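Morning, everyone. I've got a structure to walk you through today, so let me put it up and then talk about how it's put together.

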Amino acid sequence: MLSRRLAPQIGGPARRSGEFLTVRLLATERFCAMPSRDTTSLHPHVFRAPSEIELSMQTTTLLHISPDYGLQMIRARAIERSLPFEEKSNGLILDLPLGQICASKETAGLRLTLTASDQMKLHLLQEAVDHRLDEEGVALDRRWSLTELGVVPPTLTFATVVSCERLYPSYYRVRLSGASLERFSRDGLHFRLLFPPEAYKGQWPIVSVNGRVEWPGGISQWHRPVYTTRSVNLEKGTLDFDVFAHDGGRVTDWCRTLRPGVEAAIMGPGGEWLPDARWIALFGDETALPAIARILESLPEKSSGVATIVISDPRDVQHLDTTGGLTVRWLVRGKDMSLLDELKKLQLPDGDRFVWIASERSEVNQARDMLADRGLQKAEMRVASYWSRQKL
Ligand SMILES: Cc1cc2nc3c(=O)[nH]c(=O)nc-3n(C[C@H](O)[C@H](O)[C@H](O)COP(=O)(O)OP(=O)(O)OC[C@H]3O[C@@H](n4cnc5c(N)ncnc54)[C@H](O)[C@@H]3O)c2cc1C
């Protein structure tokens, strides 16, 4: 038997079951090897592993479909997405960053067994598999063995606001404290803040009978803006994030009146990780500054390149610790050159290079085209829309 900490809940129908929740590690198909994945080994210079990471968590379901058809479907997906897989005598195994998927033939159908190093990764892996099966039109009546009904999903954490300060003219820094914030120091740069619809205040998403997350009022009714974990203090159990204050922003409004002691619901971590190349160019606007700052603090010493950041106010310039050899350039919006003009001037090395851009949607769309025109391959760039200007 294994145990994991259950995030404290702040009301709503989600089941409270004390501080610890016992979960089952189920017997599964034996041909599946169960390596204990230590994700910190991928990013050794930044983060340490929690004790849970040693554990192997599994869940399994039987798909009532033709096993040969099911295997063919999974094989085709893996090939299409260049995912590594291994053929076995009665099935196949896929190794993914989140964990492992084993598919094995049974008389009654195709058995899927998912293995991950912790409950959260297992949950994310199961969500991804469910999503793919839905796309393939596989019946929705499946049940996963490791489903804890009525509890909040393992990706959801409740934390308490410690402070919210206007550190720079355009930014609030919010500090949260809580028991389960350690995981935000690894596995993904970002998280979502959760704001329920007015009619469902005090209610939270819960795991339903088929292992999926049910959102009170429907997921589309929730405001779930993405923010970047600026830093996690493992000793103090706190997490900081920076909010760019802009007109009409619901999070900006939230920050204006935020007081210590307020409960915040956050979901994650998720999203990208550090760019991996010797030469790196980072381009971002105000909303990408926290991500660029975190990346710069975490890059290996051998990296070189340039970071270009657009700010609204010259007083928003921050001291950024760079572990690598990147130089930082600040551009003041409306005064200096635009991000795209800077990008045009970029001198690209021939290989071992990566260009990372995050900004407003139309700007990054143009940037993507510009980089493709200059011969950059998809694997050599990350172009992310962090927000979109609404058309009036
Ligand atoms: C991976 C990722 C990481 C991110 N990290 C951060 C972060 O660390 N800090 C941060 O501040 N933001 C970050 N963002 C951007 C942030 O999620 C968006 O700006 C989001 O819309 C803010 O939510 P809101 O409730 O304040 O605004 P909303 O209520 O969603 O939007 C209200 C209005 O504000 C406009 N708007 C939204 N963003 C901006 C903006 N930047 N400038 C001007 N108008 C805007 C919208 O078009 C809309 O008209 C990130 C986004 C992504 C995808």
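**Strands, sheets and cores**

So, the inventory: the protein has six helices and 21 strands. Those are DSSP runs, H or I of at least four residues for helices and E of at least two for strands, numbered from the N terminus. Keep in mind this is a predicted model: local features need pLDDT of at least 70, side-chain atom pairs count only at pLDDT 80 or more, and totals for chains, interfaces and linings use all residues. Residues are numbered from 1 along each chain as its sequence is written.

Of the 392 residues, 35% are buried. Buried here says that 20 or more other C-beta atoms lie within 10 Å of the residue's own, with C-beta atoms placed from the backbone. As for contacts, meaning C-beta atoms, again placed from the backbone, within 7 Å: among those with a separation of 6 or more, 68% are between residues 24 or more positions apart.

Let's start with β7, residues 109-116. Seven of its eight residues are buried, so the strand is largely enclosed by the rest of the structure. Who are its partners? On one hand there's β3, residues 57-63, running antiparallel to β7 with seven bridges; pairing, by the way, takes at least two DSSP bridges between two strands. In that pair, Leu62 sits opposite Arg111. On the other hand there's β6, residues 100-106, also antiparallel to β7 over seven bridges. β6 and β7 make a hairpin with two residues between them, and Glu106 faces Gly109.

Next, an open sheet of seven strands. Its order is β13-β10-β16-β8-β9-β15-β14, with antiparallel pairing. β13 (226-228) and β14 (231-233) are the edges, and each has a single partner strand, so one side of each has no neighbour in the sheet. Inside it, β9 (171-177) and β15 (238-244) share seven antiparallel bridges, with Leu176 opposite Leu239.

Now the cores. A nonpolar core is a set of buried Ala, Val, Leu, Ile, Met, Phe, Trp, Tyr and Cys residues joined through C-beta atoms within 7 Å. The largest has 33 residues, and those with the most contacts inside it include Ile280, Leu296 and Trp356. Which element gives the most to this core? That's α4, with six residues. Leu296 touches Ala307, Leu320, Asp321, Thr322 and Leu326, leaving out residues up to four places away in sequence. There's also a second, separate core of 27 residues, including Tyr171, Val174, Phe191 and Ile266.

Note on methods:
A residue is buried if 20 or more other C-beta atoms lie within 10 Å of its own, exposed if 12 or fewer, and partly exposed in between; C-beta atoms are placed from the backbone. Two residues are in contact if their C-beta atoms, placed from the backbone, lie within 7 Å.
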